[in-house]
Amino acid sequence: DIIPQPLLDQYLSMTDPARAQTVDTEIAKHCAYSLPGVALTLGRQNWHCLKDTYETLASDVQWKVRRTLAFSIHELAVILGDQLTAADLVPIFNGFLKDLDEVRIGVLKHLYDFLKLLHADKRREYLYQLQEFVVTDNSRNWRFRYELAEQLILILELYNPNDVYDYLRHIALTLCSDKVSEVRWISFKLVVAILQKFYANSANALGLNFINELVVRFRHCSKWVGRQAFAFICQVGMFSLCFSLYI
């Protein structure tokens with residue numbers, strides 16, 4: 001009743017390998033690009049019409065097809081709601097997390113947008129996997145780690161101080177020692193955001209422990225770049241404090 005059945009059938013047939021050979025080699029990519037719009041038009045009550053097609057596209061041999069889906073999975077989650085997302089999108093999302101960097105960057109860029117849509121217990125499962133984003137297929141792909149730091153600043157609000165201390169703190173410290181200065185600089189902002197998280201939630205003991213760790217790791221570092229990192233962290237922290245007081 002929403003769109004003509006022949007039109008929907010024509011769209012669903014775009015995943016047929018034979019069509020890729022005879023019509024357009026990138027037809028599956030076009031199908032993947034349009035899928036969130038089709039899902040929005042049909043509504044979540046008709047998701048069953050697209051589910052098989054989505055799963056087929058998510059396992060396509062072309063990484064460009066999977067990458068397209070990875071960049072839009074957070075939008076599809078909004079359309080489908082939390083129950084369908086947990087049942088049908090989370091397994092696809094988990095597969096993308098283990099895919100090529102070209103695919104993983106799609107979920108990484110909108111990691112916060114996707115995680116905030118999950119229930120707290122399901123969201124907490126990803127704390128163990130965030131560390132995997134530090135490792136990339138190509139170590140020179142520093143923008144991947146930069147994006148991770150940016151996302152973590154947003155993700156802090158989704159977890160309690162103890163989880164932040166136990167899991168996200170280690171990632172932040174690793175990124176602060178990155179070989180690329182751009183990654184280190186955004187990581188200094190992440191460190192300050194973590195400290196703000198602790199003190200905003202009255203987790204003063206965790207904040208003090210983290211500060212002591214920063215002093216040992218960077219202030220007393222034998223290399224000048226470590227001591228410089230400590231100075232930059234203090235600089236970012238003072239700026240944030242003055243800005244918040246001004247506001």
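Modeller: In this predicted model, rings of Phe, Tyr and Trp count as a pair if their centres lie within 6.5 Å.

Colleague: How many aromatic pairs does the structure hold?
Modeller: A pair of aromatic rings is described by the distance of the centres and the angle of the planes. By the distance cut-off of 6.5 Å, the number of aromatic pairs in the structure is 11.

Colleague: Are the rings of Phe133 and Phe144 stacked, edge-to-face or tilted?
Modeller: Their centres are 6.1 Å apart, and their planes meet at 35 degrees. Under 30 degrees would count as stacked, and over 60 as edge-to-face.

Colleague: Where do Phe133 and Phe144 lie in the chain?
Modeller: The two residues are 11 apart, and their pair links distant parts of the chain. Both Phe133 and Phe144 are buried. Phe133 is in the loop between α8 (120-124) and α9 (142-155), while Phe144 is in helix α9.

Colleague: Is Trp142 buried, partly exposed or exposed?
Modeller: Its relative accessible area is 23%. Buried needs under 20%, and exposed needs over 50%. Tyr146 has 23% relative accessibility and counts as partly exposed. Trp142, too, is partly exposed.

Colleague: Which residues do ring pairs link into a cluster?
Modeller: This is a matter of ring pairs, with centres within 6.5 Å. The cluster consists of Phe93, Phe114 and Tyr126.

Colleague: Which residue lies over the face of Tyr165?
Modeller: Here a charge sits over a ring, for which the distance limit is 6 Å from the ring centre. The distance in this case is 4.0 Å. The residue over Tyr165 is Arg169.

Colleague: Which residues is Thr136 in contact with, leaving aside neighbours within four places in sequence?
Modeller: Thr136 lies in the loop between α8 and α9. With a relative accessible area of 13%, Thr136 is buried. Its contacts are Asp101, Arg104, Asn141, Phe144 and Arg145.

Colleague: What share of the residues in the chain is buried?
Modeller: The chain has 13 helices and zero strands. Its length is 247 residues. The buried share is 45%.

Methods: Residues numbered from 1 in each chain as written. Predicted model: local features only at pLDDT ≥ 70, side-chain atom pairs only at ≥ 80, totals over all residues. Heavy atoms only, no water. Phe/Tyr/Trp six-rings, centres within 6.5 Å; stacked < 30°, edge-to-face > 60°. Helix = DSSP H or I, 4+ residues; strand = E, 2+ residues; numbered from the N terminus. Buried < 20%, exposed > 50% of the residue type's maximum accessible area, 1.4 Å probe, protein only. Lys NZ or Arg CZ within 6 Å of the ring centre and 35° of its normal. Contact = heavy atoms within 4.5 Å.
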